[in-house]
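Please consult the sequence and the coordinates displayed below while reading.

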Amino acid sequence: MSYLFVDPIDATPMVFSVQPKDEKKRLASIITTAGGSVASGFPPGCIKLITREETQKNSFKSQEGHVFSCWVDNCIKRNVLLDMNDYNVKNAEDVEMAMTFIARVSIKFKVSKRKVLETLHINHGHGEKTIEDMDIYRKNHPYKS
């Protein structure tokens, strides 16, 4: 395994803080194997990891600056340091709204969520244009059960 969780500038381990405790053991093993370290508490500059389940239990204000723990798993799967901003908790409400939108459009137009997501991406996140495109797609590709 490569040393993903090492600062590329000064070659020091990236420092993580993990919540909740039951996830800490699993992630600590992954993080340290990939060159990072896990701290107790929240030392300055650490990457604060939290699970999606934990965000639903607590208020978003107390989790500002946290990153979803799945970021670690996804970095390992792809063997590359992914953009942490894509996994930032403060963006979670936007993500949840987008997922709800994708699910509703998928049901309405009887297309896969992947197709909706691809169209949404092509349209740079513009919902109205995506709905128009899904309507056109549905007319050109009738649903077959």
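The model is predicted: local features need pLDDT of at least 70, side-chain atom pairs count only at pLDDT 80 or more, and totals for chains, interfaces and linings use all residues. Residues are numbered from 1 along each chain as its sequence is written, and side-chain values use heavy atoms, with hydrogens and water left out.

**Nonpolar cores**

A nonpolar core is a set of buried Ala, Val, Leu, Ile, Met, Phe, Trp, Tyr and Cys residues joined through side-chain atoms within 4.5 Å. Buried denotes under 20% relative accessible area, exposed over 50%, and partly exposed the range in between (1.4 Å probe, protein chains only). The largest such core comprises 19 residues, and those with the most contacts inside it are F5, F16, L27, I31, L49, W71 and V72. At least two residues of this core come from each of β1 (15–18), α1 (21–33), β3 (47–50), β4 (66–68) and α3 (70–78). Helices (H or I, at least four residues) and strands (E, at least two) are DSSP runs, numbered from the N terminus. Another core, of seven residues, lies apart from the largest one and includes I102, V105, V111 and L120.

Contact means heavy atoms within 4.5 Å. Leaving aside residues up to four places away in sequence, L49 touches several residues, among them F16, L27, I31, V67, S69 and V72.

**S69 and its surroundings**

S69 is placed in the loop between β4 and α3. This residue counts as buried because its relative accessibility is 6%. With residues up to four places away in sequence not counted, S69 touches E23, L27, L49, I50 and T51.

A salt bridge is a side-chain nitrogen of Lys or Arg within 4 Å of a carboxyl oxygen of Asp or Glu. A search of the whole structure finds two.

| Side chains | N to O |
|---|---|
| E23 and R26 | 2.6 Å |
| D73 and R26 | 3.0 Å |

E23 and R26 both belong to helix α1, three residues apart, about one turn of the helix. D73 in helix α3 and R26 in helix α1 are 47 residues apart, and this pair links distant parts of the chain. E23 is buried, at a relative accessible area of 17%, whereas R26 is partly exposed, at 35%.
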